[in-house]
Amino acid sequence: MTSPTPTAVVTGLGFVTCLGTQRQDVVDSLRHLSSGLAPWDPLPGLDLPVKIAGLIPSFDVSSIHPAIWSWPNAMDIHPAEVRAMPPQGVYALAALRMALAEAGIAEAELGTGDTGLYCASAGSPRMMHHRLSLLEKSGWTHPHPHSVISSIAGSLNFHLASLLRIRGSSCGFVSACASGSHALGFAVDEIRLGRQQRMLVVAAEELSPETVLPFAGMGALSPSSDPATASCPFDRQRDGFVPTGGSVALVLESAASAQQRGARIQAVVSGWGQACDGLHAASPDPEGAGLLRAMRLALRDAGLTPEDMDHVNAHATSTPAGDKAEARALHSLFQGHQPAICSTKALTGHGLSMAGLMEAAFCVLSLDHDFIPGQANLRQPDEACAGLFFPPASLDQKPRAVMNNSSGFGGANVVHILTHSS
Amino acid sequence: MTTTPLPSLAFHSKTDTEIEQSLLGLDPVTIDAVLRFRHTPARETLRDMLPGLVAYHLPRGAALPPSPLTDAMRLAEDLGLDSLALSEMTFKLEEILGFAAETREVFEIRTVGALIDFLSGKLSLS
C-alpha cells in the first residue's frame with residue numbers, strides 16, 4: 001500500500017518588486033492596476049534603447065561596489081552577508097526573510113535536511129562585466145576572489161543555501177524567462193515525491209544595463225519613454241518589453257507539514273506542466289503549440305479542466321510575436337468558458353528569470369485576497385485576442401482556480417495551476 | 001632583504017578614486033591607518049590596519065578580532081578567516097597598497113606575523 005501523494009501548499013510570500021516591498025502594497029497595486037514603471041537612465045548622457053523600467057526606489061544595488069549598496073533599515077540584512085553576492089542577492093535575501101517570517105519559520109529550523117532551496121536567476125552580467133574588465137586590465141593575472149560566486153547563474157543558490165544552512169535539495173534553474181516557473185514546478189515535485197517537507201523558492205534579477213541592453217539587439221525592448229503605456233501586453237501598439245528587477249520568494253511545504261505547524265495555507269499548487277516548442281532559440285512557436293501542450297499537461301496534473309479556470313496570469317511580455325502566440329494558444333484551450341486573462345507585466349514590466357515566480361505569487365494573492373487583476377494598458381487588442389476575456393478593471397471575485405503561464409528562450413513553456421486550500 | 005620589482009601593470013597604478021573605492025565599507029581607524037601607510041610606509045602601520053580589515057571580512061555574527069593583533073594569532077583558527085576571506089582580504093590589500101600576490105602564496109600564510117612578513121616583503125619594508 002502506498003502513501004497518498006503529499007499536497008504542495010504555499011504558506012509564505014516575500015516581495016521586493018516595483019509594485020512594493022510589502023504584501024499589502026503589492027495587493028493594492030494589482031487590485032487598482034497601479035503601475036510600478038518609471039523613467040530609468042542608468043548611464044546618463046547616452047541615448048539608450050530603453051527608457052523606463054520597473055524600479056525599487058528603497059534599494060540601491062546599482063554600484064559595482066557592494067560596500068555602498070543600500071536597503072531599508074527595516075530589512076534584516078548585514079553587509080557581510082551580501083558582500084560576495086550578485087546585486088540581486090540583496091533583493092533575494094530580503095524577500096526570502098519576509099517569506100519565512102510570513103510562514104512563521106525561523107532560520108534556525110532550516111538546517112534539518114527536510115528543507116530545500118530552488119532558485120532562479122540569470123546571475124549578474126554586471127558583476128561579471130566588471131570583474132572580467134579588471135581581470136583583463138591586470139593582464140589576466142589577477143582575478144578577484146569573488147569573480148565567480150558574485151556573477152554566474154548559480155550565485156543566488158550558492159549564497160542563500162550557505163547563509164541559511166540549507167541541507168536538503170539545492171539547485172538553480174536557468175531557462176531564461178521560464179526559470180522561476182521551473183524552480184517552482186520542480187519544488188512542487190520535491191514535496192509531492194516526499195523528498196522534502198519544505199521548499200524555499202526564490203527568483204531574482206538585478207536590472208542593470210549589462211542584463212537588459214543586449215535584448216535590444218534582437219528588438220525585444222520597448223523604446224517608449226512613457227511609463228504609463230509602454231508595457232501593453234496583447235495591445236496592437238505593443239513594441240517590446242519593459243524590464244524590471246527585484247525578487248520574489250515563496251515558501252512551499254507539504255500540507256501535512258503546514259497543518260502540523262498550524263501555518264495558514266494561502267494556496268495550493270495543484271499541478272504544473274512543461275513542454276518545449278522545439279523550434280527556435282529565441283522566437284516562440286507562432287501558434288503557441290508548446291504553451292498549449294504545457295497548459296494541458298498542467299491541467300491534467302491538477303485533475304482539472306479549462307472550464308475550472310477563472311483566471312489566467314498570462315506570460316505576455318508586450319512583444320509582438322510572443323503575445324500573439326500566447327493568445328492563439330489560449331484560444332485553442334478555452335473554446336467555450338472564458339477565464340479572466342491578464343498579463344501583470346503591464347504593471348511590472350518583465351522580470352526575466354524572476355517573472356514566472358513573481359506571477360505565481362500574484363496568483364496566490366489573487367486566491368488569498370479574492371480578486372482577479374484586470375488587464376492594464378489594453379486599448380486595442382491584437383486581432384488574435386478576439387473572443388478572449390481581458391477585464392479592463394480588476395474583479396472582486398474569488399477565483400476557483402488560477403493558471404500561471406511562462407515562456408522562455410528555447411521555446412520552454414511552464415504552466416502552474418493554483419487553487420484554494422479548501 | 002631583496003624583493004622583485006613590482007610589475008608595471010595598470011592594476012598597480014590605482015588612482016586616488018580607485019583607492020577610495022577600495023576603502024569603502026572599512027571603519028575610520030582602518031582607513032586612517034591605510035592613509036598613514038601610504039604617506040609613510042612602516043611595518044607597524046600594517047598591523048594597525050589589520051583588525052579592521054579582518055573584521056570586514058568575517059561573516060555576520062563572528063567575534064571581532066582583538067586589537068592589536070599579535071604575531072602568533074592564527075588567521076583561520078583564532079580570527080575566523082577562511083581561505084576565501086583571506087584571498088579577498090589580500091586582494092583588497094593589493095588594491096590599496098599596490099603590490100601583486102599569487103593566490104598560492106596567500107594560501108601558505110597561516111598567522112598574523114606571517115602575513116605582516118609577507119606584506120613587508122612585497123612592499124620592500126625593513
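Below is a short exchange on how terms apply to chains A and B of this predicted model.

This is a predicted model, where local features need pLDDT of at least 70 and side-chain atom pairs count only at pLDDT 80 or more, while totals for chains, interfaces and linings use all residues. Residues are numbered from 1 along each chain as written, chains are lettered from A and ligands numbered from 1 in the order written, and side-chain values use heavy atoms, leaving out hydrogens and water.

Me: What makes C18(A) count as buried?
Reply: Buried means under 20% relative accessible area, exposed over 50%, and partly exposed in between (1.4 Å probe, protein chains only). C18(A) has 12% relative accessibility, so this residue counts as buried.

Me: How many disulfides does the whole structure hold?
Reply: The search over all chains finds 0.

Me: Why is α6(A) called oblique to α12(A)?
Reply: The axes of α6 (residues 179–192) and α12 (residues 355–369) of chain A cross at roughly 60° and come within 5 Å. Axes are lines fitted to C-alpha atoms, for helices over the stretch in contact, with angles from 0 to 180 degrees between N-to-C directions. Under 35 degrees is roughly parallel, over 145 roughly antiparallel, 65 to 115 roughly perpendicular, and the rest oblique. At roughly 60°, the pair is therefore oblique.

Me: Which residues of α6(A) and α12(A) meet?
Reply: G180(A), S181(A) and L184(A) of α6(A) meet G356(A), L357(A) and A360(A) of α12(A). Contact means heavy atoms within 4.5 Å.

Me: What makes the span of α3(A) close to the expected one?
Reply: The expected span is 1.5 Å times one less than the number of residues. α3 (residues 88–103) of chain A has 16 residues and reaches 22 Å from first C-alpha to last, close to the 22 Å expected. Of those 16 residues, 14 are buried. Just after α3(A), G104(A) takes a positive phi of about 75°.

Me: How do you know which elements make up chain B?
Reply: Helices (H or I, at least four residues) and strands (E, at least two) are DSSP runs, numbered from the N terminus. Chain B has 6 helices and 0 strands.

Technical notes. Disulfide = S-S within 2.5 Å.
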